[in-house]
Structures are given as C-alpha cells and as structure tokens.
Amino acid sequence: MMEEMQIYKVYPAIPEGLSFLNYLARNLWWCWNHEAIELFQRIHPMQWEAIGKNPVAFLSNISQRRFEELSKDESFLGHLERVKAKFERMFSHVSQIKEIDLEPKETIAYFSMEFGLHESLPFFAGGLGILAGDHLKAASSLGIPLTGMGLLFREGYFRQFLDHTGWQQETYPINDVFDLPVQKLKDTSGFEIKIAIPGPDGVIAVCVWQLKIGKIRLLLLDTNLSENSKKSRDITSRLYASHDETRVAQEILLGIGGIKVLKAIDVFPTVCHMNEGHCSFAGLERISIIMDRYHLDFQTAIQICKRSGIFTTHTPVAAGHDEFPKELILPYLQPYAEKFAVSVEELLSWGEPHGSEDTGKFSMFVFGVHFSGYINGVSHLHGLVARKMWQSLWPNRYVEEIPIFHITNGVHICSYLSRNKNALLERYLASDWSSKLVDPNLIPRIDNIEDADLWHVHELDRSNLIRKCRQLLLKQYKRRNAPRNVMDEVASVLEHRCLTICFARRFATYKRAGLLFKDTRRLTRLITDEARPIQLIFAGKAHPNDTQGKEIIKEIVDFAKGADVRHRVIFIENYDINIARYMVQGCDVWLNTPRRPNEACGTSGMKASANGGLNLSILDGWWCEGFREDRGWRIANGDVYEDHEYQDEVESQALFNLLENEVVPKYYDRRRGNPPLTWIKMMKEAMKMALINFSSDRMVREYSEKFYIPASRNFKRLTDDSSQKAKELARRQSRLTSLWGGIRLLKPTLITADDFTVGDTFRITIKVFLGELTSQEVEVQVYHGKIKFSDEPEGSRTEAMWLQETISEGIHIYACTITCSDSGRFGYTARVIPKGDDVLKNTPGLITWAHGEA
C-alpha cells in the first residue's frame, strides 16, 4: 500500500507591481466593493465567471504571460492603485462605536454554525449563515472589535440538481482548501495553532483556519487531521450532519473548541454572542476560563458570564431547535461538573425548562439561555412569538414580561446592490454614501434621482438577470443531454420588458412556494396575457430529507413544462449567493408567502427593496415592520388560521386579486410613452426604507447599543477590584434562592371605591411576609392594566410600592398610588421580585404573587 501523499501547491509568480492582487484575494473586503470586483474581472472576464468569482482559485489559473502583460498595462495599474488606496484607507478608519472600550487582547466573540460571506465559500445553508456573514461585514465597516467563530466544512452544504422528472438530487463536492482565502492560524513564533477537545471516543485534535473580512477575522475550526480517526475527521465534513452523535460533536467543537482557540491565541472573549443553540457549549468553557483568569468559584463566574453573554434565536418553531438525547451530552458535561463542583445532574438540568418533566432530551436553546443575560429574536413579530414559545422558562410571568427582546435583522447593502444602482447612488447621494447611512439628510435624496435614470438602470439589471437565467438553464439542460430544439427554446426564455416576479428561498413547506399554483387557470391567464404578461423565476433548495419540499419543486417544474407557459416560468437549480444577487437586483416583484408567524425575519426581500424591487408578501417577519402601501403590497391581513387548507385558499385568492388589480396594472401603466411613474415612486420608497431601516449597519449599531456596550461594561465592572461586585451578586443570589420560599403576600387592598373616572387616583396597600429576607433585598410591585374578556391582562405595567409600615420582623405593609389615565376594565394584583439588575430580577423561581385573604 502506498504511503499517504503530502500535498503542496504551486502558485504563479505574480510580478512585484501586482503583488497586492494576492493580498486582496485573501481578504473578503473585495466582495462588497465594485471597483475591486471589476479589478479581478478585467484580468480575464470569462475565466472569472467560469471559476465562480473565487479570486484565489482565479489567480492560480492565470498564465504567467497574462500577469506580465498586466504589469505593463498603465490603465490596469492605475485601477489597482485606486483599489489599494481604498483598501488601506479602510484600515485607518476609527471605530464608529467608541463606547465599546475593549483592550487590544479582548474581543466580542461571535459564534455561528454557518457563515454566508460569498458563493465561493460554501459554509452556509440559508438565512442564518447569510445573516452571520452580513454581521461580520458590518462590524468591519463600523470598526467593532469582533472575532467570528465557526467551522471549516470540507463539503459544506449540498449542491442541488434536478433529474429529468424535476426531482431534487444532492451532491457534496469537496472544497479544496488551497483554493479558499483561508490560512492556517499561527502563534507569534510561527507555529500552527492546534487545540484538543473531548470527543465521544477520546481526545480530538483541531487545527484553525483564519479568514479575513475587512478588519474582522473569522476563525474556522477543522478536525480533518491525519492524527484523528475517520469518525473524528468527519465532524467537519458536512454542515448540519444528519446523525445526532456527529451533530453534538460539531456543537462541542464550535462552542468549547471556539473558546479554547481564543485562549490559545491569548485573546479573551469579554463579550460572547451566540447565534442559536448550536453555539451554547461556548458558555461552559467561557465560565471555565473566567474562573481560571480571575481565580473565582463557579457561582461567581456565572454572574459575570451571564451579564456579558448574548443569545440570538432565529427560529420561531419549537421543533426547529436542537434537542439531543441526554446520554449523548453527559460525557461532555462530566469534566465541567467536576471543575465547577456541582453535580452533572445539575448541569443536565440546564438543558431543561424550569420545573418541567424529564423528557430525556437536552435542549440547546434552554442551555444557551442559562449563559445569557441578553436574549433576542430577529424581528418585532418574532420577539412576540419567542416570548410565547419560551414562556415556560420563566414560570409565573406574563408573556409580555419574558426577557426575550428583538433586534430586526438587516442586510449588507453593498454586497447585494447592483453595480448600476450603486453608480446611481454615488452620482445622486455621495461617492461614499454607504458609510453615511446614519445621515438623516442623505438617503432621502433618492427622491432626486430622475425617474428615467432609475428605470433605465433597473431595466439593465433585469436584462442581466434574464441573461444569467438563460446561461444557467442552458447548463442545466445540457447536463441532461436535452435535444437541440429544446436547447434553442431555453436560450430564449423570458422577456426583457415583462413584469418579472421572483421567488427564491429554502423550500420548507411553511414557505408555501406552491401558493400561486392553487389556481393554475388564473395563473396561466396572467402569464399568457398578450398585453400585460407576467413571468416567474423560482429558485431554492429543499432539505435532503424534506420530501414535501421536493414535491413542491417538482410541481413548479411540471407546471413550467406546459407549452403555453414554459417560456415565462423557470426554476433555477442550486440557488446560492450569486444567483440571489442577480435575482434581487433584477426582479420587479419579490414574492414571499410564508405561513404566519413561521418566518422569523427573512432578509431576501430587504435586498430586493434596496435594489428597487417591490415586495408582495404575507405580513410576517420583517415585512410587518417594512410594509407601507406606497412601497409594496401585503397579502391578506396578517391573520393566523388553525385550518391551514382554508388559510392557503384565502391567501391564494388574495394574492391573485393583488396581482390582477394592483400589481400588473401599476407596472404596465405607461402613459404617453413614459415609464411607469407610480411604480418608480414606489421603487424609491422601497430603496429608502431598506437603506435606512433594514441595513446590517443599522442592525449592528443596535446590537452594539443594546447589548455589546452594556455587556462589555458589565464585564469590566464585575471583574474590577478582585471581582468583588460579582462575588456579592453570587452571595445575594444564593441567599435569595435559599430563602425565597418564605415569602408570602396577602391580596392587595383598595382603600377607596371600586369604580372611578379618568383622572381619579386611589391607593393600594398589601401585607407582605418576607421571612428572613429584608425589605432592602426585594421589590414589591403592583401589577395592573386593562383586562381582556378572558380576564387576562393586556398591556399591563408595574409600579413600585413603597414601604409604608413594618409591623414586626419580616412583616411589612406596602402601599402605592395609582392614577386612572384611561377608561375601561382594569385589574390589579401585587408581587415580590428581587431588587437588582434585570438578570437578577428575571431569575426563574424568584417571583411570588399575592394570594390569600387580605
């Protein structure tokens, strides 16, 4: 048997004058800068497209002769110098979020199982990855001291192709790491960084790759090392492995391994931001290193960890959150139980809702929440949904008080804005408009763009989309050995001036890609209308195990084969960032039909809006915040139905009514030979909305203001002075937990009449038994507000009560005055919670409500 081959690669000898090209290729900054993209493209346009716009692989395939030619091309060298100057200026820009005051060896550690940065880096499956990638890009532009943490997958997510029947098939090509802009992470002595993590069958060796995104670095962990067993090497084979044992190993690698890597390079995660439960094990290792660094016990370290930890949930359906059998988790927790001096059963209980029955399952969401004082959903509606879904984690609290907030997602505008529209904004706004999105006077100047200019640019983008679709379809049909007459037809599908509607996303059943096909006769009439036709472009992947999603794809493909519609309805295989870019830039209408409230946020519609595309969407996710009649359309009224078949029927009809009565007439309203002026006005409103309210710049600023800044301040406050404040918090929580059962409240008493008029005031008093706790340790509150017909509170609020009288030790009278500010049916009660910060106040189990006779 032959010995294992050692691999090396030979790269071209790039002339000294062009050496910046190699440096640029290894920093993803180029992928959101049009001038940098054009620099690579002009080297060899056809090769650039053919190789998937991957500059590292691209440069290694350029001939030495071509490099010599370019080194003498004054025009190219001038272009290169402009890009280089812009790139270097980026590093000189100071942070726009100065309140995040971290030391040079400190960072905000940003964990995600997937990162979608560019189509040449297939380390993502969908929206979570794209969002994480956009977060890093915005953090770079804003100068935030953040480090990304993920895994380097050899196969990544699958590539999709359809067989001759229209049924989805999957393939998993291997990523050649030599063709990726990653480099092995090394220490100051030049040695490769390696760590070891616990595995189900012993220790696993891990190497680390570094990927640069502007001023940010993303560290990617990899177990594909010769010293590991095949089983261990396969941990970083495929994103979201199907076997629970491998999935748990991936999440251990990401969370525990990620923190260990930061320790190995002497960078401390002062703030930790975990995206979804995949990352939750980071909390364990972070507590461990806090204990070591500051010489603290477990109870003190967790006070610091929680108040500087952030957890973002992206999933509005409970079944979408990871749960694993406890026996798979147990071996990984045992070493930490020993170090923390707690039982392994206690650590296992952190993966269960408070007071719930033992299901044998360990929830990664519940586990992650234990390490996080800041928890959020990703849209206003998703915040509401998440509070209802996880109310059981904070027993005896009304849903509006559940400490899950929301920060609505945003998109990295420059990554998805077309080159043509970018030039238009540079002309009408400012050459550096993208760095001034917070300027209140800048973006409204989109109204000054000449209608004819915007429409002309949009028509160019639509033509680019159609041209790209034809190229991709030709490849699809060529692979299937289609006959010449079919290839000739494919080469002319779609029309350049036809109303173009795009639908592209994961083909999960709740996305309802088939909603348009509930009435194929009505749909066919719209498509075949001679005067005002529509055309449809579909793309997206179904999960390999999702048969229903695959059936929806097949339904679309079968419909598109019809002789009267096949030139205006297409399905594009293997949806990725590149295809998405063409679609959001060139569509007239972006269609979105999820079953409310199953869309956590959705960001593809934001990208379309930034390019002037108009959203036609169910009121779900971000569109609940973005919709206005002058910039898009809502399908139905945002109702939630128990009967899904009835819901589909109602909303399908609403969709067709909008298309027939509003969308199509507005698009084809071309009076006196003008472009559609009302439509163009809506395009401008959509663009302003996206740039102002739904950019990743706004999103990361909001994370900074609400989470990163207070979290970093908490960390410093709690670790200063030998962590005395953290130790006091630990003592206080321990005392509260042990003595809380002694608290009792009688029913509150209303001093005056039961009926009032607006403006009246009244006093409430209550007798409180605090047991061994003191009045300085608790807060007594009146909880009051309007009451629904079901006797549930609606929009209630709390008022702090004051200590009116101490009857005897541990027995007190509290009072509060309430002003009647509105009319209606109201209710009130009282409760006791801990006095302290939000983390302490929201501790599960530390709340007691009034009961018993007054």
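I count a residue as buried when its relative accessible area is under 20%, and as exposed when that area is over 50%. The model is a predicted one.

I began with strand E9, residues 268-275. I found 8 of its 8 residues buried, so the strand is largely enclosed by the rest of the structure.

I then looked up what E9 pairs with. E1 and E9 run parallel and are joined by 6 bridges. Within that pairing, Val271 in E9 has Ile108 opposite it. E9 also pairs with strand E10, residues 309-312, in the parallel sense over 4 bridges. There I noted His273 with Ile310 of E10 as its bridge partner.

**Entry: overall dimensions**

I looked up the whole protein next. Its secondary structure comes to 28 helices and 29 strands. Of its 854 residues, 57% count as buried. The C-alpha trace spans about 95 × 70 × 50 Å along the principal axes. For a compact globule with 854 residues I would expect a radius of gyration near 29 Å, and the protein has 29 Å, which agrees.

Strand E3 covers residues 159-162. I noted Gln160 and Leu162 on its covered face, and Arg159 and Phe161 on its uncovered face. E3 pairs with E4 in the antiparallel sense, over 4 bridges. Phe161 stands opposite Gln169 of E4. The two strands form a hairpin with 5 residues between them. In the turn, Gly166 has a positive phi of about 95 degrees.

**Entry: salt bridges**

Side chains of opposite charge can pair when their charged atoms come close. With a cut-off of 4 Å from a Lys or Arg side-chain nitrogen to an Asp or Glu carboxyl oxygen, I get 51 salt bridges. I followed three of them and one network.

Arg581 belongs to helix H22 (residues 577-586), and Glu119 to the loop between strand E1 (106-111) and helix H7 (127-142), so the pair ties together parts that are 462 residues apart in sequence. I checked both for burial. Arg581 is buried at a relative accessible area of 13%, and Glu119 counts as buried at 14%.

Next I took Lys550 and Glu170, whose side chains form a salt bridge of 3.0 Å, N to O. Lys550 sits in helix H21 (residues 547-560) and Glu170 in strand E4 (residues 168-171), so this pair ties together parts that are 380 residues apart in sequence. Lys550 is buried, with a relative accessible area of 8%, whereas Glu170 counts as partly exposed at 25% relative accessibility. I note that E4 is also the strand paired with E3.

Then I took Arg735 and Glu777, with a salt bridge of 2.6 Å from N to O between their side chains. Arg735 lies in helix H27 (residues 696-739), and Glu777 in the loop between strand E23 (761-769) and strand E24 (778-787), so the pair ties together parts that are 42 residues apart in sequence. Arg735 is partly exposed at 32% relative accessibility, while Glu777 is buried at 14%.

I also noted a network: salt bridges that share partners join Asp447, Arg628, Asp630, Glu685 and Lys688.

**Entry: helix H27**

**Entry: cysteines**

How many disulfides does a search of the whole structure find? I found 0 disulfides. Cys31 is in no disulfide, and the nearest cysteine sulfur, that of Cys414, is 10 Å away. The cut-off for a disulfide is 2.5 Å between sulfur atoms. Cys31 counts as buried at 6% relative accessibility. Cys624 is likewise in no disulfide; its nearest cysteine sulfur belongs to Cys601, 9.9 Å away. Cys624 counts as partly exposed, at 32% relative accessibility.

Key
Residues numbered from 1 in each chain as written. Predicted model: local features only at pLDDT ≥ 70, side-chain atom pairs only at ≥ 80, totals over all residues. Heavy atoms only, no water. Buried < 20%, exposed > 50% of the residue type's maximum accessible area, 1.4 Å probe, protein only. Pairing = 2+ DSSP bridges. Rg over C-alpha atoms; globule rule 2.2 N^0.38 Å.
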